[in-house]
Amino acid sequence: MDFSRLELTSEQSAFEQEIRDLLEAHWTPNPAHIALDHDRSPEAVRLAMAKRGWVHPKQKPEAGGAGLGEVEEEIITELFNEYFIPNNASSDLLIPTLERFGSDWLKANVLPGIRTGELTTCLGYSEPDNGSDIAAAKTRAVQDGDEWVINGQKMWTTWGNESDYVFLLARTGPIEQKHRTLTMFLVPMDAPGVEASPVWILGGGRTNVTFYSDVRISDDYRIGGINEGWSVMSEPLATEHGAGVVTEGVVPINGSMGAGFSRVFSKLIDGAIDWAASRTSADGRSRLEDPLVRIALAEAMLDLEVCWNAEGELGKPMAAEALMANADRLADMAAPEGILDFGVDGSIAAGIIASERQHAPGSAVYGGTTEIYRNNIARGLGLPRPY
Amino acid sequence: MDFSRLELTSEQSAFEQEIRDLLEAHWTPNPAHIALDHDRSPEAVRLAMAKRGWVHPKQKPEAGGAGLGEVEEEIITELFNEYFIPNNASSDLLIPTLERFGSDWLKANVLPGIRTGELTTCLGYSEPDNGSDIAAAKTRAVQDGDEWVINGQKMWTTWGNESDYVFLLARTGPIEQKHRTLTMFLVPMDAPGVEASPVWILGGGRTNVTFYSDVRISDDYRIGGINEGWSVMSEPLATEHGAGVVTEGVVPINGSMGAGFSRVFSKLIDGAIDWAASRTSADGRSRLEDPLVRIALAEAMLDLEVCWNAEGELGKPMAAEALMANADRLADMAAPEGILDFGVDGSIAAGIIASERQHAPGSAVYGGTTEIYRNNIARGLGLPRPY
Amino acid sequence: MAIDLRRNDYTLSDEQGQLIAMLRELFAEQSPMDVVRAAEPLGFDPQLWTVAQHNGLLTIALPEAVGGDGGGLVELALTGFEIGRAAAPIALLDHVVTLRALASLVSASQPIGSVDWESALAGDTILSMAPISSWELGAELVPSGAVARAVLAYKGGELILMTRDTNAPQAQNEGCAPVAWWNPADPEVTVATLAAGAQAAEIWDMAHREWRIATASSLVGLLEASGEIARNYAMERQAFGVTIAKFQAISHDLVNIHMDERTSRNLTLKAAWLTEHEPDFRPELAAMAMAQATRSVLRSTSKAVHVHGGMGITLEADISLYYRKATSWSLVGGGVRRDLEEIGRAIDRRALERSLTDANLALASTNR
Amino acid sequence: MAIDLRRNDYTLSDEQGQLIAMLRELFAEQSPMDVVRAAEPLGFDPQLWTVAQHNGLLTIALPEAVGGDGGGLVELALTGFEIGRAAAPIALLDHVVTLRALASLVSASQPIGSVDWESALAGDTILSMAPISSWELGAELVPSGAVARAVLAYKGGELILMTRDTNAPQAQNEGCAPVAWWNPADPEVTVATLAAGAQAAEIWDMAHREWRIATASSLVGLLEASGEIARNYAMERQAFGVTIAKFQAISHDLVNIHMDERTSRNLTLKAAWLTEHEPDFRPELAAMAMAQATRSVLRSTSKAVHVHGGMGITLEADISLYYRKATSWSLVGGGVRRDLEEIGRAIDRRALERSLTDANLALASTNR
């Protein structure tokens, strides 16, 4: 065990300063921007990072990275958080899939850009008629010579409007055979017939429904064998769920989504403390001395610490539920001003309490509902797959 | 709608006084006795009530009752509650079954005593290997001439040690046919081969496991047709669950169990208030002025009022869960003394906080688990039977 | 000590049943979802207000003596249920509660403050009140404050009526409630003192209780509509080859929503009846109804959103609209925390009753 | 402003792994369920205490300088986990925490108060402490107070050691914890002042934090054992033709129990390490570990009982024993409410940090 302070080497301190300079140069911090767990990194920042191999910093330079360690990785994460910049640029989860299953052509022409982060990706798994039940996908890919013709639509294609490629799971056989007739493709989002139209969500964020109309792509864009899409997809999805998070003892143990939600949760608490410290009750005392406000804040801090201690797959559902519960509890403490949006006369805590109440419900469905997570965790415990 | 105060008629006031005299004569109130929702009425009290037709007061005199109304019924309930006397003597739910399905012999020789309450009953449905899944009963009844020979065991035969008869659900055909090969009997608990041995539960209450070894009873003791036991049983069980509670606008709407648990919950709150009023914090203020104690008490009072407004089948699971949550919350407020048993030096609130924490978990399983209740409620909402 | 029994009768009269039917039909016609959405961000539809005026909705729950139809708090709650079910963009409840509070001060001869009663009664002048004014200093957020021209408040022991000639600007919120800041010190605001001392305290206390009950009823309506939407979705939506209502986690969530619906509705009706008929009996009931409606509508609309999976968080889904409304409507009065403090009244009353009965305190804690 | 990074490494050393294995085996042999039950109602088994003495369990987490094996708070927490898993009827944790607190006062020459260090170190004199003494006047309930002969407490700014020549009578409780009332004014109690002022406050603060961590670890053990029992039962028990673990409501309850197990264990270990190595960094962590372990063990043992259906509430079921232990062990220190008040330290520290950074307060609330 070791929770001691990391004394940065001079190289690491220099690295920190480089990142700060880069962020200062390409971004103006906006304390009201709290969808850090949802939005994609701004392009200017991403490209500047990509140039230095910092989008996937731990990858070797020849693999588009910078050969850095967990410390540098964590420095990047913390600084993006400090500057209120969304840090969703990585294709970490999908690169291994491409390396393992991608066609030679893809490996030669697309993988390099994805490795550096100059090229970006999004996921085309769910469909309007199936959210959690991915194996029920209807989007069809029909072989025509050495081309595929794709027709259908995908839901929850987050960043579909700002990505270069989509990992598309398509039906290449009888639908009755569910996950045994699925094939994975890497489809260029600028291919004729691909259209991403916005779906606005609570809190004002954007995701997309993407339409595929007679989209013709070469067989080179296929990832893995025909009808082997399920196994191609499953591996990174498991990682996304946080299963088997392996760390070198520096990064959080609660998985990428769990940690992302927890950082937002932390900003929520900071905002609530700022509010309480800045307000006085009718009796003239600071709201920070109000016993009920103190208990609400103490419970929030406790819940947050618990989230940081929720390892692997537990991290995401626990952080999502803690975020929802505490946003409501703090809004109640700050009522009625707690409902006001940022920038509105009299709004509090940079509007974060109000907007987190809108964002938080999404955290319970991104990447799979909390029920799906619990089903998976149950099986991890050796329990039978629940009905 | 009408929630106005009931001005008792002079008859009703006299009735109230009669009950008080009866209770004073046969019982010494014991404020530490809180298992009112679980224990059976003391025999002396029950027999005295039975003599006057007050065990089933609303039944006609010729049916063993006193032809009284809901007002008198509620007077009895409230006074038993005031005197801390368990009020579990009724066979209300089962009398209609006997009237409808009982053999002529049972109607002539047993029903009258059950109607007055001189004879008492208990339920023999669940078995050690099946709690909620009653249709899986293994206890066998084999016909031998005009007698039945019963072998097996039943679990949760509450009051089995102090009842005259048990409503026994027995297997009279192939077990594979589940609820289609069950038959109902009314078995005398003093029949040779019947034995009730105690099962002690959290909080010190008693239920029983009852053993049936070559118990021979006449066919006269059969209730309803052979292999028709499931329908014979289902009707009163539904009533016990509180479904279709019909009132004349006087009794609580939250069902017999829901109301019973709520009365205990109410005593829990009273005890906590007495405790808070009698203690001072280190700062010399009454605990009743402690903002956190006040919030805990206010939430408890709110939860109790909600329980009184939980109609029919909602009443029992909601009251059970509110009782468990609030017993823990109040114990925390009163920690560490809140853990001490009644009578112990320094114990508080007549030990009710401590003992309710032990009793409460039982309230979530008596008469069916909260999951079974929710399954039933779901179907009542037109939802499909959940897996 | 003689026993104290009460009736416990929740059944509605035929007239009340007809009122519900009339309101449900009217809002279904006049306030469908597209009207609700079109009325955002303000959260108020003047057209719908006119409909309410012409259909006599403003006077349903007013005493006949002051020109009303003689309905009471129960009728007001029934109206609130239907407004909530439709998420109707209308400031009716705040207006009527304020009318009821002012009714006691009406005298034919002169206007109330600078407001003409007839104009208010007709709905040509929209009224509201400031539920948190008794514990806030200076400026405060006022429900319906962005559409009302007169606001009843209680400051420093006085019952005051604030008026302005223009609408106050809305304070933007995700639920698009027409709340606005009102400040007695604002030069655009004229302040008239209506009452002081015990009379003012009494009128305000009742007005505040009625506001809690009326607001609770609108939350119950949001809750019931959300429950229906979630149940219907769960019955239709297929996953893994079956309707998702078959999954116990979802099924039991729907049951929990139903529990919130029924208990909140019943408690609101009980509070309405008793507050009207026996205001001195359990004065905390109004706060209890509001607290239960608030915590229920928040946790249950959130569950209802979640039952929809990803669909639930899309703005185009009706359920997300109900959730947004719930987040704003439920907290404009100060939140559950304020209600619980009010419920504290009951603690002190109960403690007093208990101390009068013998032996309780002896049992409360063995003296050390 | 430079970034402040920390390691986040929960991995145990091989030695720590071996310690766990040794303890688990020892308690499995020496403290099976029948021993636990036989030790009730007192909740202490002298035989088991002797075993602990002979196997050096009392000195695992003591500095070598005072005759210990050099283990620290993490080793104490690991010991607590195993004691809890076995629901072992032993007062070891309170004893060791008190030894650790007194260690700083040990001087070879004289006894501490009227207690001989060697005798305490050997476990011939059992020690305990009064976690709530700093905010209680006069008499108070003391964990392990019915078996300890010396109790460390903090009263009126002084660190005191209370001793008696006979055991104090147990205060009966459903969990059969060996708690007892101790009162400095009791003629049978001898009081020695060990320290005053800043030194006393410092020693007490650390002792109280270590007590919270040690107690939390025993609750985590109860919780883990309960989770295992519930999972095994749900896998075996059949209903409606399948194992009940197939029902999502039960399956997800088991997952929620698991979430409580893992987070409570991880947080307790993190708090133990940091409290030992960096006592001035986030001093609230000990209270956080205790609060999380308390609320987790209460809700999860209750869920574990419920998963058993009716079987769970029978006294003969092991799960009901774990539930009973949880109800008593978790509240002897004053309950979650006290922990949350302690966590308040973090609010004030954070508020201070925040106020130092620019612009936060400007954003906190637009001035009106």
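In this predicted model, chain A is divided into three stretches assigned as domains, listed below with their residue bounds.

| Domain of chain A | Residues |
|---|---|
| Domain 1 | 10-82 |
| Domain 2 | 121-227 |
| Domain 3 | 256-380 |

The centres of domain 2 and domain 3 of chain A, taken over C-alpha atoms, are 34 Å apart. Contact between them involves four residues of domain 2 of chain A and eight residues of domain 3 of chain A. On the domain 2 side, the touching residues are two nonpolar and two polar, with no charged residue.

Chain A contains 12 helices and eight strands. Its radius of gyration is 22 Å, close to the 21 Å that the globule rule gives for 387 residues, so chain A is as compact as a globular protein of that length. Along the principal axes, the C-alpha atoms of chain A fill a box of roughly 80 × 50 × 45 Å. Of the 387 residues in chain A, 55% are buried. Among contacts in chain A between residues at least 6 apart in sequence, 69% join residues at least 24 apart.

The largest nonpolar core holds 369 residues. Those that touch the most other members are A:Ala272, A:Leu297 and A:Ile353, together with B:Ala272, B:Leu297 and B:Ile353. Leaving aside neighbours within four places in sequence, B:Ile353 is in contact with B:Leu268, B:Gly271, B:Ala272, B:Ala327, B:Leu330, B:Ala331, B:Ala334, B:Gly338 and B:Ile348.

Between chain B and chain A, the contact takes four residues from each of the two chains. On the chain B side, the four residues are nonpolar, with no polar and no charged residue.

In chain D, helix 3 spans residues 46-54, and D:Leu48, D:Trp49 and D:Ala52 in this helix are buried. Seen down the axis of helix 3 of chain D, the buried residues fall within an arc of 105°, so they line one face of the helix. The face turned away from this buried side carries the exposed residues D:Pro46, D:Thr50 and D:His54. The cover over the buried residues of helix 3 of chain D includes helix 1 (14-30), helix 2 (33-38) and helix 5 (92-103) of chain D. After helix 3 of chain D comes D:Gly56, with a positive phi near 70°.

Definitions and conventions. Residues are numbered from 1 along each chain as its sequence is written. Chains are lettered from A and ligands numbered from 1 in the order in which they are written. This is a predicted model: local features need pLDDT of at least 70, side-chain atom pairs count only at pLDDT 80 or more; totals for chains, interfaces and linings use all residues. A nonpolar core is a set of buried Ala, Val, Leu, Ile, Met, Phe, Trp, Tyr and Cys residues joined through C-beta atoms within 7 Å. A residue is buried if 20 or more other C-beta atoms lie within 10 Å of its own, exposed if 12 or fewer, and partly exposed in between; C-beta atoms are placed from the backbone. Two residues are in contact if their C-beta atoms, placed from the backbone, lie within 7 Å. Ala, Val, Leu, Ile, Met, Phe, Trp, Tyr, Cys and Pro count as nonpolar, Asp, Glu, Lys and Arg as charged, and the others, Gly among them, as polar. Helices (H or I, at least four residues) and strands (E, at least two) are DSSP runs, numbered from the N terminus. The arc is that of the directions from the helix axis to the C-beta atoms. Domain bounds come from an automatic or database domain assignment. The radius of gyration is taken over C-alpha atoms; the globule rule is 2.2 Å times the number of residues to the power 0.38.
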